[in-house]
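Try each task yourself before reading its solution.

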Amino acid sequence: MSTLLITGASNGIGRAFALACAASGRYTKILLNGGHDAAALEETARRVAAAGDLVCIPDLGDVGDLAYVESLRRRFGPVDTLVNNAAVSFVGLLTETSPEDWERLLRTNVTALYNTCHTYVPDMVSAGGGQILNVSSVWGLCGASCEVAYSAAKGAVNAFTRALAKELAPSRIRVNAVAPGIVDTRMNANLSDKEKAEIRDQIPAGYIVSPEEVAQAMLRLLEMPEYFTGEIVRLDGGWI
């Protein structure tokens with residue numbers, strides 16, 4: 001039985017990836033986590049259950065809270081594949097970033113990785129293998145003006161990925177990350193049509209990537225050979 005946990009599965013990349021995994025037939029149980037939008041999470045679960053012959057379990061909770069993640073493990077058991085997708089962003093000058101904004105970004109984007117890996121890695125070690133895929137960003141590679149907190153958090157995701165991959169490779173557990181450029185998701189809904197057009201003009205591929213295309217790339221990464229670990233794979237249409 002192959003079991004998958006996706007955090008941040010209510011919308012965007014998380015939902016698209018859950019649907020791609022259901023259609024792939026690789027998983028018999030998919031556990032979907034969402035942070036606050038119960039209706040959106042239930043809609044993802046409904047569509048996932050309809051897409052394949054599998055068990056789909058939605059669960060609402062804050063993966064930035066270790067107690068919640070541990071309760072998730074107690075209630076639903078171990079997983080073979082862990083996909084850390086939950087994320088929040090903040091756009092504004094560093095001087096406009098409040099301590100609360102900073103803590104919220106670190107909690108959701110970085111602390112959540114510690115919580116899920118700390119909880120589920122022992123099961124993978126006992127099972128003799130597993131996979132962890134983290135969703136990062138190109139801003140974690142090069143930084144973005146007016147997104148210092150988000151860039152710092154995603155840079156930490158990249159360092160976390162590389163370090164944990166070295167630590168877990170002897171246990172046959174692969175740890176990688178995908179670093180998309182701008183994606184057509186709710187996170188970027190604040191951009192005007194003019195701003196989106198200006199960004200498209202900067203991207204050699206000529207368009208803003210869809211969550212579905214990112215999801216397909218993530219699925220391919222999970223299919224890579226065991227030797228493929230510790231990689232941060234950029235998916236930005238040649239932008240950065």
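**Exercise 1. A cysteine in a loop**

Does Cys146 count as buried, partly exposed or exposed, and at what relative accessibility?

Before the solution, two notes on what you are looking at. This is a predicted model, in which local features need pLDDT of at least 70, side-chain atom pairs count only at pLDDT 80 or more, and totals for chains, interfaces and linings use all residues. Residues are numbered from 1 along each chain as its sequence is written, and side-chain values use heavy atoms, with hydrogens and water left out.

Step 1: recall the classes. Buried means under 20% relative accessible area, exposed means over 50%, and partly exposed is in between, with a 1.4 Å probe and protein chains only.
Step 2: apply them. Cys146 counts as partly exposed because its relative accessibility is 29%.
Step 3: find its place. Cys146 sits in the loop between α5 (139-142) and α6. Helices here are DSSP runs of H or I with at least four residues, strands are runs of E with at least two, and both are numbered from the N terminus.

**Exercise 2. Positive phi angles**

Step 1: Most residues other than glycine have a negative phi.
Step 2: take the two residues that are not glycine. Cys146 has a positive phi near 70°, and Arg172, in the loop between α6 and β6, has a positive phi of about 65°.

**Exercise 3. Checking helix spans**

Step 1: use the rule. The expected span is 1.5 Å times one less than the number of residues.
Step 2: With 13 residues, α1 reaches 18 Å from its first C-alpha to its last, close to the expected 18 Å.
Step 3: look for a bend in α4. There is one of about 40° at Arg107, where a bend is the angle between axes fitted to the seven residues ending there and the seven starting there.

**Exercise 4. Pockets and cavities**

Step 1: learn the terms. On a 1 Å grid over the protein atoms alone, a cavity is a set of points where a 1.4 Å probe fits but cannot get out, a pocket is an open set with protein on both sides within 12 Å along at least five of seven lines, and lining residues have an atom within 4 Å of a point. Points are joined across faces, edges and corners, and a volume is the space filled by probe spheres set on them.
Step 2: take the largest pocket. Its volume is about 1,200 Å³. Among its 48 lining residues, Ala87, Val88, Ser89, Thr185 and Met187 are the closest to its centre. α1 gives the most to this lining, with three residues.
Step 3: take the second largest pocket. Its volume is about 160 Å³, and α6 gives the most to its lining, with five residues.
Step 4: take the cavities. There are two of 30 Å³ or more. The largest cavity holds about 50 Å³ of space, and its largest share of lining, four residues, comes from α4.
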